[in-house]
Each structure stands twice: as structure tokens, then as C-alpha cells.
Amino acid sequence: MPPLWQGIPLDHKCKKRTCGRCAVTLLADAHFLAPKTRREREKTNQPTKRLACQARMK
């Protein structure tokens, strides 16, 4: 379940999972996350950036 759905307070705007405002930088343990979604790839091409609304655990 993505962090925003868990009630974790992160800056976000659209609630449609398309604006990119909830982008976070991974500091460690990226291997626990599923591959980026198409929308994540469209918003950022940096490997350490993920959208909190899109990122899911494996």
C-alpha cells in the first residue's frame, strides 16, 4: 500500500496520482520496492526518485 494511502503525511496535491508533487528521494532499500510505474517513469528519470503515491512494496 503506498504511503499516502497509509495516512503518512507527505506533500501532495492532485490525489489522482499524476502531479508528481509527492516525489521522494530514496536513501536506502530501494530493492524492497516494485519497479517504477509508467507514470513514475514519466515524472522522473532519476533512479532514486519515486512517487509516494505510486511506489509499492514487492
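The paragraphs below go through the chain from its overall layout to single residues.

This is a predicted model, in which local features need pLDDT of at least 70 and side-chain atom pairs count only at pLDDT 80 or more, while totals for chains, interfaces and linings use all residues. Residues are numbered from 1 along each chain as its sequence is written, and side-chain values use heavy atoms, with hydrogens and water left out.

The chain has one helix and two strands, in the order β-α-β from the N terminus. Helices (H or I, at least four residues) and strands (E, at least two) are DSSP runs, numbered from the N terminus. Strand β1 covers 23–25, helix α1 covers residues 38–43, and strand β2 covers residues 49–51. The accessible surface of the chain is about 4300 Å², and 55% of that surface belongs to carbon and sulfur atoms. These areas come from the Shrake-Rupley method with a 1.4 Å probe; for residues, only the protein chains shown count as cover. Of the 58 residues, 21% count as buried. Buried means under 20% relative accessible area, exposed over 50%, and partly exposed in between (1.4 Å probe, protein chains only). Among contacts (heavy atoms within 4.5 Å) with a separation of 6 or more, 47% are made by residues 24 or more positions apart.

Two salt bridges are found in the whole structure, a salt bridge being a side-chain nitrogen of Lys or Arg within 4 Å of a carboxyl oxygen of Asp or Glu. One of them joins Arg38 and Glu42, with 2.8 Å from N to O. Both residues belong to helix α1 and are four residues apart, about one turn of the helix. Glu42 is exposed, at 54% relative accessible area. Another salt bridge pairs Glu40 with Arg50, where the closest N and O atoms are 2.6 Å apart. This pair links distant parts of the chain, since Glu40 is in helix α1 and Arg50 is in strand β2, ten residues apart. Glu40 is buried at 0% relative accessibility, and Arg50 is buried too, at 6%.

Lys36 sits in the loop between β1 and α1. The side chain of Lys36 instead reaches backbone oxygens: that of Thr44 at 3.5 Å and that of Lys49 at 3.1 Å. Beyond its neighbours within four places in sequence, Lys36 is in contact with Arg41, Thr44, Asn45, Gln46, Pro47, Lys49 and Arg50.

Gln54 lies in the segment after β2 and is buried, with a relative accessible area of 8%. The side chains of Gln54 and Thr37 are joined by a polar contact of 3.0 Å. A polar contact is a pair of N or O atoms within 3.5 Å; within protein, one must be able to donate a hydrogen and the other to accept it, and residues adjacent in sequence count only if both atoms are side-chain atoms. Neighbours within four places aside, Gln54 contacts Arg17, Thr37, Arg39 and Glu40. From Gln54 to Ala34, 20 residues apart in sequence, the C-alpha distance is 9.8 Å.

The segment before β1 holds Thr18, which is partly exposed at 35% relative accessibility. Thr18 touches Arg39 and Lys43, residues up to four places away in sequence not being counted.

Cys22 is buried at 4% relative accessibility, whereas Cys19 is partly exposed at 33%.

One backbone angle remains. Most residues other than glycine have a negative phi. Asp29 has a positive phi, near 65°. Asp29 is in the loop between β1 and α1 and is partly exposed, with a relative accessible area of 47%.
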